[in-house]
Protein chains: 2
Amino acid sequence: MPLSEFPRPMVTVDVVIFTLQEQDLQVLLVRRKHPPFEGMWAIPGGFVGIDEPLETAALRELEEETGVRDVRLEQLATFGDPGRDPRGRTITVAYLALLPPGRTTVRAGDDAADARWWPVRSLPPLAFDHDRILACALQKLRHNLRCMMALPELLPETFTLRELQAVYEAILGEKLNPHTFRRRVLSADLVEKTGEIRKEAGRKRKLYRFRHKL
Amino acid sequence: MPLSEFPRPMVTVDVVIFTLQEQDLQVLLVRRKHPPFEGMWAIPGGFVGIDEPLETAALRELEEETGVRDVRLEQLATFGDPGRDPRGRTITVAYLALLPPGRTTVRAGDDAADARWWPVRSLPPLAFDHDRILACALQKLRHNLRCMMALPELLPETFTLRELQAVYEAILGEKLNPHTFRRRVLSADLVEKTGEIRKEAGRKRKLYRFRHKL
């Protein structure tokens, strides 16, 4: 059988995008306008053009459906279980992104009937296998954090160690010991002092910045 | 245009599999029997069946082409640049695996004219974008190591800290300070003492095992 006659799967991209609002980890979801799973909430995404690079497709779909643009994507994983899409074999390449707290305005467009941020700890039922993709994204985000990788999108240019700890706690969903946290962050060379001081509740706190922007 | 008429890409899987031989990091490559890139060396892999899960396809292709089986796969990344395959748009899902040092016998089969281990520091020219995939695999392996993730495949059940350090040095391609290494490994709770001692060159060395098997 010539190569051109083998049946081919469909390929899509999805973008799991998180932000922090009031120290609460949130994810951007869209409500589907069309079948399958019409009316259900889903991770923004769609089909890859036949000549379109994967990351270009991911950025295009994100902007078309939610209005969000200018984000840095990290490839998360590819999900291809037969049966995950009732329309036929569909393999999806999922991406992870973080949005700075001040840039979270969204507007639904294209195939999305609605678009909004949902707190990760209370999500609606999701279309397709999107609950599995979201769980994987959360695991990856927590892994990045535990490996002490910088998350510059979620913090201002300079910050106190207490602010950094609050971001960690929001994402990990647990309280951390300040002494252990301070020791681990400093020994990992993740941040450096700016030399500046901020007064907070009558105390002087040193300001830090990430040593390496990703 | 109905969904069924949109042009669809081809989807393949590839498996980058490493081992250690004489403290040298090696990767398994196959020589291609057919065009494109006939006669060139490549990462083992091939087309995904229309009803076949991605990981099943990866394990099948690895065994068909090299005889290697019973390995644990970790999904590495998906590569889909238009133009990476002269036959048409092809998106490949790449996997990473490690093979224990004692299990490295291979035999070429299926689409492979030859199969052998190559030292990572002196590779032949590779087909497709496989040099890029391999570079990504190496980066991931080193990342896993730096994040102090256990690599139980590459070590015996129990080992000395010097043996563990030798594995790290082979993969990172650099010498490590034994004191710093010891402190980091122990503080990361990666390993635990077995209570046994091994005599080596007249000195007693404590034996360790990984705390959590992955």
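## Burial and surface

A residue counts as buried when its relative accessible area is under 20%, as exposed when over 50%, and as partly exposed in between (1.4 Å probe, protein chains only). By this criterion, 50% of the 214 residues of chain A are buried. The model is predicted: local features need pLDDT of at least 70 and side-chain atom pairs pLDDT 80 or more, while totals for chains, interfaces and linings use all residues. Residues are numbered from 1 along each chain as its sequence is written, and chains are lettered from A in the order in which they are written.

Chain A exposes about 10600 Å² (Shrake-Rupley method, 1.4 Å probe), with 49% supplied by carbon and sulfur atoms.

## Fold

Chain A contains 4 helices and 9 strands, taken as DSSP runs (H or I, at least four residues, for helices; E, at least two, for strands). Their order from the N terminus is β-β-β-β-α-β-β-β-α-α-α-β-β. The C-alpha trace spans about 70 × 35 × 25 Å along its principal axes.

## Domains and their interface

The domain assignment, automatic or from a database, divides chain A into domain 1 (3-146) and domain 2 (152-210).

Contact (heavy atoms within 4.5 Å) links 13 residues of domain 1 with 10 residues of domain 2. The two domains bury about 1200 Å² between them, 65% of it on carbon and sulfur atoms; this buried area is the accessible area (1.4 Å probe) lost on being put together, summed over both parts. In domain 1, A:Leu20, A:Leu145 and A:Arg146 lose the most area to domain 2, together 45% of what that side buries.

Notes:
Side-chain values use heavy atoms; hydrogens and water are left out.
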